[in-house]
Structures are given as structure tokens and as C-alpha cells.
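The sequence and the structure are shown first.

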Amino acid sequence: MAAAAGEDSIERKLYTLLQEARPSESALRAAAEAADAVAELIRKVPAQQATPAAARGFVRDLGLASEKLEFTFRPPELVQVAGSLTAGTVARPDVAADLLIRLPKECFHEKDFLNHRYHAKRCLYLCVIEKNLRSSKKIHKISWSTFQDESRKPVLHVYPATEIAELPGFYVRIIPTATSLFTVSKLNLSTRNNVRAYTKDGINVPTPKYNSSILEDMFLEENAEFICSTFADWKALQEASILLKVWACQRTSIYAHDGLNGYLISAILTFLAIDSGGSIINRSMTTRQIFRVFMSFLANSKGWARGLVIQPMKKRTVTKEDIANFLKIFDVAICDVSGHVNLAFRMTKSAFSELQDEASCTLHCLDKCRDGGFEEVFMTKVDVCAKFDSCLRINLKGNSKVTSLGFCVDDESWRILEKDVQSLLQQGLTDRTKMIRVLWRSTPSEWNIMDGFSEFGSSPLLVGVMISSLEKSFRLVDIGPNPENRDEAAKFRKFWGEKAELRRFKDGNIAESTVWESEPWEKHTIIKRIADYVLMKHLSLENEDLTHVVDQLDFCLLVNGKDPISSSGALLEAFDSLAKQLRLLDDIPLKISTVQPLDSAFRHTSVFPPEPHPLAYGKNSQRLPNLAKTCIPSLEVMIQLEGSGNWPLDPVAMEKTKSAFLLKIGESLEDRGIYVSPSEDEVNVLASGYSFLIKIFHERGLLLEKRAGDGSTQIAPSEDKVLFMRSQHSSMVNGLHGRYQMYGPVVRLAKRWISAHMFSSFISEEAVELVVAYLFLKPFPFQVPTSRVVGFLRFLRLLSSFDWTFSPMVVDINNDFNLKDEKEINENFMLSRKSYEQNPHDIERAMFLATSYDKASEAWTKHSPSKPVLKRMATYAKSSAELLTNLILNGQSGQYTWECLFRTPMSNYDAVVLLHQEKLCHPHHVLFPAETPNGKLVIWGKPSKDFHPYMPLSKGAVKSLHDARDKLLVNFDPTTYFLRDLKCTFPNTFKLWYGSVGGDAVGLTWENPKKRGREDADETMLEPTSILKEVGDVGKGLVRGVYLLKAPKLR
């Protein structure tokens, strides 16, 4: 029953998608009529002289003189609509009608296939058509573009004056064809040189790319007709083609000049539908089945190694030798209907490899993801920024390597540079990467044919790098050949230059090598250093020509130029030492059986894990520095005692017994030379440079809560319930970080962003950790992120796009869930949404996070964030994701910098409280001092003299170690206490927005009066300035200024 419902859901979604992607019949008729109108105008162009002056720059950049190019224009022999409009496979967003115009033989000489003369005349022919169409009132605009991004094959984009409402931006693409213009044997791919300037060691060599460029035009009509006849009256095939175009369009790096396009999708489908492709696709298949067959063929077929032939078996003229020849010359072979053209002659090995990788991933989504992977396959944008672990932009404008090549010989200079960059990076990065993708979209968005190719390649070349594994990526030494292998050693030294060095290794082996010394927290930059070095050395580039997006976000995780995560090893050693001592305590009534750390610093997800403090080293302290922090954070540690039946049943008595145990544990540790700061509420142990807050967990606390079962228990879970949740969470997240080393850095960036935009009061750090965990556990349609920048980008996109209203986020870290668990989670989710509908002002959880230890989402998001806060958070995330995407693709410009990702506008609050930075607990964590808001200053305050974040420890400043320790504030943060006091003083007046990491401002937004009860009436009557003055009084000594931006709306 459930399976049938799931199938219905998928079919409905696919039907809706097809309806949205495919224009209506009336729109398609209007498009066909518009194309016919343009065709009629072209047929009426009168005979006239075509001169090189019409495209002077284009002719010049092809390296041609003006003589031999002039000809008398004749109307085309044939003008016909072709492509997706005739095949029934038009798909949004790029809705265009292809108009094929057959070039007349009288305009060409039999040897015009030589030295780009055909390409020049082809362009001049289009210039005459453009000139005449411009004078027609039926035409709104004409622009120049290229065919498959090949600069020497321009096409015209003609925009009709009559717009089609359903197809905004519709245009007619005019594509010349060269049917029967030249003798095919003169364009033999493996033997003919048709560009005399193309030589190797002074000898002319074959020009397969150039020859294919002309052959493609010669058989364009025949191929278009055959594909169209295959698709005719075959609805499922047409719909599959549209779905495939939607799929490919979402994957920007495969839908490119050297990868897939609509024409090749149709060609491959045609191959699979005819006998030469084994008729794998037949008319009994559904649209979904055809889509899957296509993906399976792309990903797994051995036919690619043999080459594809789109020729019916009855008319087969292509021999095995012909196919072998294609495969010898090109990376991928798709032989056309004629047997003379390789339709995939532009496709590169790296593009095909990526295409297969994407197809494999799509098959996995179809099988493993919810709703047949509909969301992952069709609705998720798989762009370069979010897909590749690092992106490199290379500015090659005016580079000597480009200018020395000449624009076009056999291949274009831009394609040659793509191959050179690919080769250099593969040689330099070796097995550190599993995929390198080089893309240079050379055609300018606005092209004037008179300018020739001067503006081509002005945009940066883009490289996407996918890391094979962090172990290989972080490797410090690359071992080269043995010096006895002289030829290989010489090649190695020539490639690496000054970086090559001869080293003796521990096993006694001597070899050439390169060494990339790096601090532990900077190992993720090794890839960047290698790539930059190799490209600068071999392509004569300057440092400013390269922008490698790897470490641009590191600034927000550093303290004094160093990442405090580097002291995590010392923290874990300190914890192990304390745990050992706790377990060895034998003078307490019950022995300690379990010691578990709970703080995020232990699971590598703390933005700034604490560094060792000089006053936290027990009785035998280290030598003291001149200055130390006044505050030391305490890291929570949970302990369990061995079993006993004497524990009290009363909750209050149980807590008192726990306090007694903690005090006794503190005494025992003090007797062993450890410094302890005890109180009835908590016991803080200062050991090995850190402060640990000890908490006791007892399972009976969970049972007591279950027995109580009243409303108050649900609202405020017992201390034991909270400890249990936190211990389960810590264990799972720690295990996840063990599987994915990049998880920790991504969480740290996510928490830094949450804090920077002042959402810390509404979402717990555990909730942030679970949202990031979801990215790693369910990465599809991507691979698991192995870089912090791409992980952070995906976090922002997930936060902004996840359907929080109608879907629970199920985070199954240990793969524990079965169908029963999933059913229970869905029931809990529906219950939460039902209560929300009944009472929309209630503070029901808007963010439902289900885990194995919390299937009802009660632990971290039961009361917060609310729906309006989550909506605001999603809006901020969307804006940040768009900015980050733009920064990766285009770099910084003007006010839009990397720092902007962590700057938040103060104008979005009703009032703003600015704090004295020098009175914060950790002033060095402030990323950017909060800007003074554009509002009315209500009150300003002087900084307190009673607190300073640093205390001097020199001999004159403190009398003794004991005196210094007395001044140490354990687990104290003035901002936290200020916020707590504000919540107590104004429980329903306003919402508090702040950043828990480096926040020096607090935002206030007035609560909706409808939500307030009658008991708050007096509070409501107060003037906003009076309230804000009181806010300043509450934070006297810490508050720098309080600003009113918007007064509350009183109803």
C-alpha cells in the first residue's frame, strides 16, 4: 500500500515537472510561426555582394587576407525549422527555435575548406542576413553567439518583435549548414591537414578538430532529420528527453561545450532506440524507465569503449576500422548517421568521466532516496561551487601562452589552454584528486562580430578540484623517481624546478621528492599551494592571476593568526588524565564507572576550543606568564557511579545526594593535589590547564520522569534526561567526526555564521551540529564534502531550502532506523504540526530534528526556533549562500567581500544594545566591532572598572599563586549573565538576538502585543525609551549604548 502511494507521488511530481518544463501547445505553435516568419524574411534577402569588411575583426583573427573571400550572396538553398521544436523536446529555460539555412554552392570555391576560408565565408553569409533582418519591423533584436561555444562558428540569435507571453526571451537561432559543399575525402580526420599553419617540427600534421568542424555542418541536416523521425509520435521518448535536459541543466559543469548538450542527449536516445544500439529503449517503456535506461547506459555501458554508431544496421557503412580511428583521435566517439562525423568530437575525457560519475550518482538517488530521488535528481542545483571541493579561477587575459598560440589552428587556443591546465594540475596533484574539471566559457555575453575574438577568453578560466581523500590531500611529501632512473628523475626536476629535492627516507630509500611543510591546521591549503606553484611556473602567471578558493573563510576561525583547534590534543590528554584519576578514586562510597565528556570542544565542533590556562595546573603549577585571561570556561564532564539500590526515589533528595557525592569527589581530588572549585550547585576541577565541570548521571532520574508524566515534566525535563540526551549526542557526533574529518571545520563555520547573525539565542549548538550532520549523511546529489568552504555553502543552502514545514529532518548517524522507527518519527512530526495548526501562536517546534535518541525532536528544538525566527534564519542563509556562490565564481568586488558573510545589518532590529568590547569575556573573538546603528541614542554607559578580561600575573601584581587563583573567574561570562537578567526583567517585552561567539551587540525586537497576557499590561504601557533606559541600567558597566530604531506597534 505504502509502495503504491509512493509510486503515485513520484508520478505526480514528474507530471508536474514536465508541465512546468514543457511549453504549452499554443506557445509551441506561436514559436513555430515566429520561426517561419524569420525563415520567410531570410528567403527574401536579395542577391548582393558579401565583403570581408562586414566582419573585419573576425576575418583578421582567423589569420586571413581579404582577397579570395568576397562573393555574391545568394538566398539559401533550404531554410527549415529543426532541433527540439520539430522533435517535440523543447524544455525551459532556454527556449529557442533552430533554423537551419543551407549555404548555396555558388557562394563557395571547391577549396574553401582550406585555412578557415569556409568559416570566414560562413560568417560573411550570416552578416548579409543580419544586415537585412535588422531593417525589418518584425525583428526586435539580433545578437551574435557561437555554435557549441566554438568561436569560428558564429550563429545569429534573432528575437522577433512579437513576444510570446508564455516564452519570455524566446529567440530563433540561425545555424548555417554546408550540405554537399565539399568532398568528404578532402576532410579525412586522420590524414588531411587543412590548416597549413598547423605543423609539428616543420611538417604538416592532420587537423581532425578543424575537419570535424566543417563535416559537422555538412551532415547537420541529415542528422537532425533522422533524430526527428525517431522522436516522431513517441511521447515517452520526448518526455524522457525533456527530463534529461532538466537533469543536465541542473548540473552546470556537464552541460558545457566539452560535455553534454540537448543535441547529444537526443543523439544518444536515438542510438538506444534503434537496432544498432540494441533497441534498448522500446515503445512499451514509460518515461521513467527510459530515463533510468539512459542513466544506466551512461554510467555502466561497455559500449562507450567500442564507440556508438547511429546508423541503422541495414544501412551500415561504418567499419570497425572507422570506429577504431575515431577512438584513436578523440576521447569519445558517437558516429553519426552518415558515418563521417563524430558528434562527440568536442567531448573531453575529463568531461565524460564527470558525466559517468553524475549518472552513477543519479542511479543511486533513484534507488536510495525518498520519492525516487525526485528532489535530488531534478530540483537540486549541482553547480561547480557546491560540487567541487575547491575552485580555482585563472585570469589568462593577455597571457603570453594564449597570444602565442593564435586564436584558431586545428583547435581553438582556449581549448588548448584548458588541456594544458588539466595536464599540469593532474601531474602536480597526482593521486590527491579524483577529478579535475577545467572549463573556460570563452564566448562573451555581448559579441560584436567586428571585434573578432578580442573579447573571447576575457572571463577567467575555472577549475573544479575534487579531492580523493583527506589523507592523500594532507600529505606533506610527494615521493618521485629514484635518481638512478635518470630520464624520469630529469623529467621530475624539470617539472618541479626548485621544489624538487633529493631525500633519504626512513626505509633507506633515496628518491626525488617535493615537500610541503605545513602547520597542522593549514594542511587543507597544501592542494592550493601545489596548484598555484605548478601553474605559476609553467604558465608564466603572477600570483594575482590565480584565485584558489580554499582558505578564504579561515579568518573567522583564527585567533592571533593561529587556529585554537591545534590545542585539542592537549585538551583530550587532560581529559584522559582526569578520567583516569576519577576512576581510581577509592575513598568515595560508590566507585565511578563511566566518565564521558559532553562539551563540543571534545567532539571537535567548538568554534574556539579553550586553550590551556596557566592557573589551571593543580598545586604544582607551571611558570606563570605576565598576563592571563580572567575567565576560564568549564567543560562539562558526565560521570556515572556503580549501581546501588540505596538511592532515594524523591527527585529533590536525589539531587541533594548527587551534590554530596560531588563535594566528596572534590575533596578526594584536592587530597591528590588537584585544584577544585566546589559549591553546592557544581564542582569545577582545574587540571592540566583546563577547568572541568563534573555532573552525575543516574538512570533512575529517567524512570522518575516517566512515572511523573505530567505537563511540567514535559516542559522542563529532568537533569538526568538532559544529561542522557547530551551524552548520546556527544557520542554520536564524536563518531561522525571520526568518519568525516571535515565535519568539525564545517560545523565551526556554521556556528560562527549563526553567531555572527545573532541567532544564538534561538538555536542550540547541538541543533546546528545535527543539521550539518545531515549534509554528511545524506549528501546526494553530491559527494560527501571534503572541504570546509563547500560544506559551509551546502549548509547555508540546506538551511534556506529545506521544507521545514512539511518534512522532519531525520539524522540517522549510526544507520539505526528501521521502518518502524521511521513510522514513529512521521507520527510524532504529524502530531507536532497538528498542534501547530490548532494554535499557530504556540511555540511548537518549527524545526523538527529526529535522531535515534530523540524521535520526537524534544531535545534541542522543542521551543525554539519559532516559525518566524526560522523563516528569518532561512532568508539570511539564502542571501549568504548567494553571496558565497558569487564570491567563488567571480571573486570580491567593491563592498562584497568574504567578510560580508559574517557581517550582519543592525537595521533589522527594533533596538540595538552595543557592549563594551574590552569588557567581554573573550574580546579577541570579536570578528568585526558592531556598527553604530542608524537610530536614536537612548542611553550610553561607561565601562566598568570591576572587570577586565585579562589579569596581570607579574610579581608585583599578585602576591601568590593562591591569590591569583582567587581572582580567576570559573565559567563566568558577563554577556550571559546580562542576557539572563534581561530575560527575567522583561520576559514578554521583546525577543533577544545575540551571538554567543564574539558578539558585542544585542538586538531587540518588540514582541507582538497579541501574544502578551494581561499580567503584562503595565509593561506594555511603558514608553520604549523608558524600557531601553532600564535595559541600559540592567547592563551597567557592560553596555556602551542603547539605540532605538523602531517603536513598538501598540494595538
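## Contact of α17 with α20

In α17, the residues Val 421, Leu 424, Leu 425, Gly 428 and Leu 429 meet Ile 527, Ile 530, Ala 531, Val 534, Leu 535 and His 538 of α20, where contact means heavy atoms within 4.5 Å. This contact is made up of nine nonpolar, two polar and no charged residues. Ala, Val, Leu, Ile, Met, Phe, Trp, Tyr, Cys and Pro count as nonpolar, Asp, Glu, Lys and Arg as charged, and the others, Gly among them, as polar.

The model is predicted: local features need pLDDT of at least 70 and side-chain atom pairs pLDDT 80 or more, while totals for chains, interfaces and linings use all residues. Residues are numbered from 1 along each chain as its sequence is written, and side-chain values use heavy atoms, without hydrogens and water.

## Geometry of α17 and α20

Helix α17 covers residues 413-429 and helix α20 residues 526-538; their axes are 9 Å apart, at an angle of about 130°. Axes are lines fitted to C-alpha atoms over the stretch in contact, and angles run from 0 to 180 degrees between N-to-C directions.

## Packing of α8 and α10

Helix α8 (residues 235-249) and helix α10 (residues 287-300) cross at roughly 55°, with axes that come within 8 Å. That makes α8 oblique to α10.

Ala 236, Leu 237, Glu 239, Ala 240, Leu 243, Leu 244 and Trp 247 of α8 meet Thr 287, Ile 290, Phe 291, Phe 294, Met 295 and Leu 298 of α10. Here the contact has 11 nonpolar, one polar and one charged residues.

Terms used: Helix = DSSP H or I, 4+ residues; strand = E, 2+ residues; numbered from the N terminus. Parallel < 35°, antiparallel > 145°, perpendicular 65-115°, else oblique.
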